[in-house]
Amino acid sequence: MDNFINAIASISWWMWIIIILLIVAIRDIFFQKRHTISHNFPIVGHIRYLLESIGPEMRQYFVANNREELPFNRIERSWIYASAKQENNYEGFGTDRDIYAHQHIFINNAMMSYKIEDNHPNSIDKSFIPCAKVMGAYHKRRKPYRPASIINVSAMSFGSLSAKAVESLNKGVKITDAYHNTGEGGLSPYHKNGGDVVFHFGTGYFGVRAKDGGFSMEKMIKLVEDNPFIKAIEIKLSQGAKPGKGGVLPGAKISHEIAEIRGVEVGKDVLSPPNHSAFSNVPELVGFIEDIAEQTGLPVGIKAAIGKLEQWEELADIMKKTGKGPDFITVDGGEGGTGAAPPSFADHVSLPWVYGFGDLYKVFQNKGLTNRIVFIGSGKLGFPAKAAMAFAMGVDCINVAREAMMSIGCIQAQICHTNRCPSGIATQSKWLQNGINVPLKSERLAQYFKSFKKELIEITHAAGHEHPCQFNMNDIEVNVDDHNLSQDMSSTYMYDKTNVPFTSMQDLKDCIFLGGNSEQKTHKN
Ligand SMILES: Cc1cc2nc3c(=O)[nH]c(=O)nc-3n(C[C@H](O)[C@H](O)[C@H](O)COP(=O)(O)O)c2cc1C
């Protein structure tokens, strides 16, 4: 035995390297059968796999230019990070964008900006922008809701996001008077930290699921009664990244906690089918919406990505004829994010936000319905100039998902589907999420929202308006070539937005439905 140990100890370090390389080469050639490259080029073949695996990081850090990456380029990410950290989010020396490029948007500034007096709500709070419409007002729901912030957190479930990420978002929206959409994974304890909540469900009915996998009105009523911070309910018809695609939540991912929140069984695969079982056509959808609104008293809306318009036309006809229907419609763009989707869906199914929203808005406008619906937009709209464009096209609120993730530390590693998210946000790994400091991250989300709203208000004033709802299609131009050829949005998208009835920011501040209750909230900067 001693002799063997002495022989091992006498092998020099470079001999060890040769032995290890030899073992790897033997394994590459004779034992592994999966990789042709490492079989044909033993040892060196591994270098290719290594470089391929670190390629995205190398390109992100060293190669890609500031405006090149997708979904969010470095300038966009840096603006969110700096805003969230309350650092200097300005750029020096002028724009580095090619502002003559096709599709570039210009906001027409007024000769003299809108002037705010000393007692104006925005003199007191520079980021105060509530929604100009009240959800549920037209349909006389028992608990109408005026979102106190026009920028809010979009649907992302606990399950696709970590507990600490959800908790940070919820505490963050509370600080900035925004709402937090649950996503389709049910209402978790991490959504119960004081922020307003929009309860969202899809075809799996998680959180309001009957034993047979269908929708349970009983559970819905109880959920709303037990959780008065739920201000509205959103029925998901589809989302931009994977419209019409069902999914399976593998049993292996269903812990006791997730099973309890979603109302499913531990360890058993759960199917989210492509279709709802609670309704199968447009009249039934309207009936379902009215039922939930009647039973809970809350405004009820729908979320969808846009493609064909026939069923939307049918919905608009029914709404006009019956005076019933959704209180809000969330339009998601084909560029929208997800925890996981096949590229064929994410890249190709459904229209980009600008096209989809424009098409949909016209359907409701032609029937004179726009002012009874709160329009919400999502799809890379988390930047002030893009938001101004969306308001000019007709939205009343904006939901942000990935931008909110970035404000709490997401680095756009794009591996949400692997459970290995390095920032601990899109993972269930306890180790990875332990790095999230909840009080700090919630403050960052709030600060991103505040900076966003402040900058949007400043752009609004520069265009001569008091509230972004006053933007119209003539305020924004889209570059098609020479300025004489570039067109304002009404010519490009062939409609003019219907004016939103708006009196003053002060009236919004005094509204008894602000934040969904009659208690006045104090707004501090
Ligand atoms: C991690 C993650 C999870 C999501 N989960 C849902 C969901 O449960 N339901 C849904 O309708 N949309 C979901 N979405 C889509 C977002 O709510 C949003 O509509 C889309 O990402 C566009 O917004 P963004 O460009 O600001 O990210 C998810 C997105 C992400 C990134």
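## Exercises: a ligand and a helix

**Exercise 1.** Which ligand atom is 2.8 Å from an N or O atom in the side chain of S154, and how much of the ligand does the protein bury?

*Solution.* Start with S154: a side-chain N or O atom there is 2.8 Å from an oxygen atom of the ligand, within the limit for a polar contact (a pair of N or O atoms within 3.5 Å). Next, take the area: alone, the ligand exposes 610 Å², and the protein buries 98% of that (Shrake-Rupley method, 1.4 Å probe).

A word on the model: it is predicted, with local features needing pLDDT of at least 70 and side-chain atom pairs pLDDT 80 or more, while totals for chains, interfaces and linings use all residues. Residues are numbered from 1 along each chain as its sequence is written, and side-chain values use heavy atoms, without hydrogens and water.

**Exercise 2.** Which residues of helix α11 are buried, and which are exposed?

*Solution.* Then list the buried ones (under 20% relative accessible area, with exposed over 50%; 1.4 Å probe, protein chains only): W312, L315, A316, I318 and M319. They sit on the same side of α11 because they cover an arc of only 160 degrees around the axis, taken from the directions from the helix axis to the C-beta atoms. Finally, E310 and K321 are exposed on the other side.

Conventions:
A polar contact is a pair of N or O atoms within 3.5 Å; within protein, one must be able to donate a hydrogen and the other to accept it, and residues adjacent in sequence count only if both atoms are side-chain atoms. Helices (H or I, at least four residues) and strands (E, at least two) are DSSP runs, numbered from the N terminus.
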